[in-house]
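Reader: I have a model open and want to go through some contacts. Can we start with the charged pairs?
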Amino acid sequence: MFNRLPYPARSHLPGVSPLIAGSLALILNLALPPQPVQATQTLTLDMALQLAQERSRQLVAHDATASAARHMAVAAAQLPDPVLKAGVNNLPVTGPDAYSLTRDPLTMRSIGVMQEFVRDDKRRARALRFEREAEAAQAARTLSLSNLQRDTTIAWMDRFYQERLYELLARQRNEALLQIDAADAAYRGARGSQADVLAARSAVAQIDDRLAQAERQVATAKTQLARWIGDVALQLLGDLPDTSHMRLSTEDLATQLSHHPQITVLARQEAVAQADAQIAQTGRQTDWSVELMYNQLGPAYANMVSINLAIPLQWDQKNRQNRELSAKLAVVEQLRAEREEAIRTHVSEVQAMLQEWQSNRQRLSRYDLTLLPLARERVKAALAAYRGSNGTLSAVLEARRGDIETQMERLRLEMETARLWAQLNYMITAHTDKVPVTP
């Protein structure tokens with residue numbers, strides 16, 4: 001929509017007729033370029049989801065955890081740092097040569113370096129373990145993102161429907177005010193009673209009480225939405241998204257839910273446990289260390305070099321290395337069983353939620369096709385009877401209350417159905433690649 005600069009219809013110049021002045025003003029107004037009027041920006045669900053993702057610090061924390069694990073994977077693949085060694089042997093502590101490093105010819109000064117050689121397969125296993133930990137952090141991030149999208153959607157829809165409920169009550173209040181005027185007119189014309197007037201005013205008072213409650217619920221819904229997207233939650237909401245379809249279906253739920261973020265997290269934890277078991281497996285093979293020493297004695301003796309080799313003796317593998325490996329494998333089996341049980345639980349829960357969602361949609365159709373038209377016809381019939389002096393105002397008010405209750409119940413059912421849609425539709429994260437469950 002555009003506005004043009006206003007021009008006066010009359011000319012203040014002498015000798016110019018009002019008709020000519022108006023024509024000139026119209027020509028100038030049409031010749032000028034239009035000026036845009038700033039439109040009120042609305043907050044759509046997609047915008048709210050994007051804002052919530054940008055504001056989330058939990059996602060940043062998961063990214064940092066994954067980055068730390070990747071750095072550790074590089075470090076774990078390297079050999080240990082060499083060790084510099086220096087020492088003094090046979091240092092006299094009594095006699096005339098006490099604490100002298102040069103007088104006694106048997107005092108030996110040594111300097112050397114020692115390097116531990118960790119087997120390649122063991123270093124690869126340790127690096128792989130940190131890589132699996134990074135993947136687990138990314139899976140946890142996907143789970144957090146899924147929960148964020150679900151909670152933001154529910155908060156957005158709660159505010160949307162709470163505002164629709166408030167608007168519904170406001171319209172009903174306007175109609176109830178007209179009913180008060182009609183009752184007053186009938187009472188003054190001796191066609192009604194004072195009880196009818198009081199009943200009409202009581203109906204308005206009841207709606208006012210509901211309006212106060214609805215206003216509080218709208219404020220609460222805005223606060224809940226602001227938790228995820230900040231002060232932008234105070235903007236006007238856009239249109240409701242299409243909630244008649246979702247990504248999940250009742251067919252082959254187990255396969256679809258294998259990409260559920262929580263299942264993926266369990267799978268990644270299982271992969272970490274398998275990496276720990278692989279480290280324990282490589283621990284059954286010993287590493288070895290080499291030490292090179294340069295030794296210096298007194299001037300009467302030649303300098304010498306020593307080379308030492310150190311190999312740990314796994315003399316009790318049955319009760320140490322094998323036990324540790326068995327413990328790690330038991331943890332792998334535990335996590336695998338928990339993942340399989342979680343899939344079964346999610347399949348059962350999702351089936352129940354899908355059935356409830358489909359049932360609610362059928363109930364909404366029943367409201368639209370039967371219950372709401374019947375409630376409106378009842379109000380019309382009561383009004384016609386009252387205007388024809390064949391009915392009472394109390395019957396009209398009762399019919400109106402029934403109509404309000406039916407519309408509010410229909411709106412609450414729609415809100416409950418939308419919440420189910422949000423829980424089901426964002427059970428698997430939107431705009432995120434699926435991660436295979438099998439480690």
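Reader: What does Arg129 form a salt bridge with?

Author: Arg129 pairs with Asp276, and their closest N and O atoms are 2.8 Å apart. A salt bridge here is a side-chain nitrogen of Lys or Arg within 4 Å of a carboxyl oxygen of Asp or Glu. Arg129 lies in helix α4 and Asp276 in helix α7 (residues 261–282), so the pair ties together parts 147 residues apart in sequence. Helices are DSSP runs of H or I with at least four residues, numbered from the N terminus.

Reader: Before I go on, what kind of model is this?

Author: This is a predicted model, in which local features need pLDDT of at least 70 and side-chain atom pairs count only at pLDDT 80 or more, while totals for chains, interfaces and linings use all residues. Residues are numbered from 1 along each chain as its sequence is written, and side-chain values use heavy atoms, with hydrogens and water left out.

Reader: Which residue does Glu135 form a salt bridge with?

Author: Arg268, with the closest N and O atoms 3.9 Å apart. This pair also links distant parts of the chain, with Glu135 in helix α4 and Arg268 in helix α7, 133 residues apart. Glu135 is partly exposed at 30% relative accessibility, whereas Arg268 is buried at 10%.

Reader: And where is α4?

Author: Helix α4 covers residues 120–188.

Reader: How far apart are Glu414 and Arg410 in their salt bridge?

Author: Their closest N and O atoms are 2.4 Å apart. Both are in helix α9 (residues 393–425), 4 residues apart, which means about one helical turn between them. Arg410 is buried, at 16% relative accessibility.

Reader: How many salt bridges in the whole structure?

Author: A search finds 25. Arg159, Glu163, Arg164 and Glu167 are linked in a network of them.

Reader: New topic. At what angle do α2 and α5 pack?

Author: About 55°, for helix α2 (residues 45–55) and helix α5 (residues 194–229), with axes 7 Å apart. Axes are lines fitted to C-alpha atoms over the stretch in contact, and angles run from 0 to 180 degrees between N-to-C directions.

Reader: Which residues meet there?

Author: Ala48, Leu51, Ala52 and Arg55 in α2 meet Ala226, Arg227, Trp228 and Ile229 in α5. Contact means heavy atoms within 4.5 Å.

Terms used:
Helix = DSSP H or I, 4+ residues; strand = E, 2+ residues; numbered from the N terminus. Buried < 20%, exposed > 50% of the residue type's maximum accessible area, 1.4 Å probe, protein only.
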